[in-house]
Amino acid sequence: MSKRYQGGVLGVGFNPLQAPNAPTIGTAVASVNNSASVAFTAPANVGGSAITGYTARSNLGGFGGAAASSPITVTGLTNGSSYTFGVFALNSYGPSPISAFSNSITAALDGTFGVFALGCATSPTYSTTRDKYTYSGCVVGSATAATVSSRFGSAAGNSTTGIFALGNNCGAQVTTRDKYTYVGCVVSAGGAATVASCKGSAAGNSTVGIFALGANCTGRSTTRNKYTYSGCVVAAGGAATVASSNGAAAGNSTVGIFALGEALGSQSTTRNKYTYSGCVVAAGTVATISSRFGYAAGNSTVGIFALGNNSTCGRLTTRDKYTYSSDVVSAGGAATTGSQYGSAAGNSTIGIFALGCTNPTSAARNKYTYSGCTVATGGAATATSRYGSAASNGTSGVNI
């Protein structure tokens, strides 16, 4: 006759004296789309036979996952609910006792909010203020502040963290990057830039962010940093085709499109297509009009580029729609007001565009629905601002 235990059904050979000892629990971390990663250390005493696997169980709802080694992924959690986890080992004689329970995590669903660093809130000040923008309902609240007041920054991230390059602090370019962990809204030190810089742009996928450094102490730069989110490792990325600053970027899981902005001392239509695998840089389809001071957001199929400023026309309402698969550029839904020095973030269905500098500085945000290129009013910023940056907990790379 079989016997039951909390992980399933045991055969007639069940012998608790020959089962393993309990594993030692490690750290549980909230992961993508309402899942968790649960770390543990294998027991020294494996019992009467080799361990065949490990199972994690949540304290709430009995959610579980199994793996041959640490960590274990547990899926199906409920968005916004808190969980702790225990782990047990299994060999041919049966299960070990369950371990102690882990730290508590809060499950989170991808693509639910963006974090907007306001940048220059009231000229000429530098701000630490960040807004948390919840896409459902366009609700705006407070996010954890930056470690240093700054402006002219850039940002990229994945579903768990956003990396904010702070740009310029009190007139000096910095290498500082903040790591914003969405669960808990915790801000810590990220991997520093290789060169102090500002007025850059960034895009990425679930594993890496590519940061175009923009302007440094010697002028505009072709330098790009490759930021690996796991471990916060910074390395050289594929350089831009032309030294530039004041650009914008958007991308999907395989490529990022970088609008170079100011290149060779003047506004540009040039865009680079950056393939993350291999860090290969090629020509992207050019903008419909030369511009600078732009910003961008997108989903897995299109990037929406707000062109910013053209020296002849001034602040623009123009937005380009860049389709990644065919490198086709077409007209996107125009901004409600001509603007520059804004920022943007979004999820798979909408992008939120903070207009930045209109005339004067603005708190206005546009809500851009990718399907149909429809533009509506979004939730306003908590303060008028410009020179900001933004990242989102979406699955596509997000950017400014």
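Leaving aside neighbours within four places in sequence, Ile-105 is in contact (heavy atoms within 4.5 Å) with residues including Ala-28, Leu-77, Tyr-83 and Phe-85.

## About the model

This is a predicted model, where local features need pLDDT of at least 70 and side-chain atom pairs pLDDT 80 or more, while totals for chains, interfaces and linings use all residues. Numbering starts from 1 along each chain as its sequence is written, and side-chain values use heavy atoms, with hydrogens and water left out.

## Aromatic pairs

There are 21 aromatic pairs in the structure: rings of Phe, Tyr and Trp (its six-membered ring) with centres within 6.5 Å, called stacked with planes under 30 degrees apart, edge-to-face over 60 and tilted for the rest. Take Phe-63 and Tyr-83: their ring centres are 5.9 Å apart and the planes sit at 80 degrees, so the pair is edge-to-face. Phe-63 is in the loop between strand 5 (53-58) and strand 6 (64-67) and Tyr-83 is in strand 8 (residues 82-83), so the pair ties together parts 20 residues apart in sequence. Phe-63 is partly exposed at 22% relative accessible area, whereas Tyr-83 is buried at 1% (buried is under 20%, exposed over 50%, partly exposed in between, using a 1.4 Å probe and protein chains only).

Elsewhere, ring pairs link Phe-113, Phe-164, Tyr-180 and Tyr-182 into a cluster.

## Salt bridges

The whole structure holds 6 salt bridges, each a side-chain nitrogen of Lys or Arg within 4 Å of a carboxyl oxygen of Asp or Glu. In one of them, Asp-131 meets Arg-365, with the closest N and O atoms 3.1 Å apart. Asp-131 lies in strand 13 (residues 130-134) and Arg-365 in strand 42 (residues 365-369), so this bridge ties together parts 234 residues apart in sequence. Asp-131 is buried, at 1% relative accessibility, and Arg-365 is buried at 2%.

Arg-365 also lies over the face of Phe-116, 4.7 Å from the ring centre; the cut-offs are CZ of Arg or NZ of Lys within 6 Å of the centre and within 35 degrees of the ring normal.

Terms used
Helices (H or I, at least four residues) and strands (E, at least two) are DSSP runs, numbered from the N terminus.
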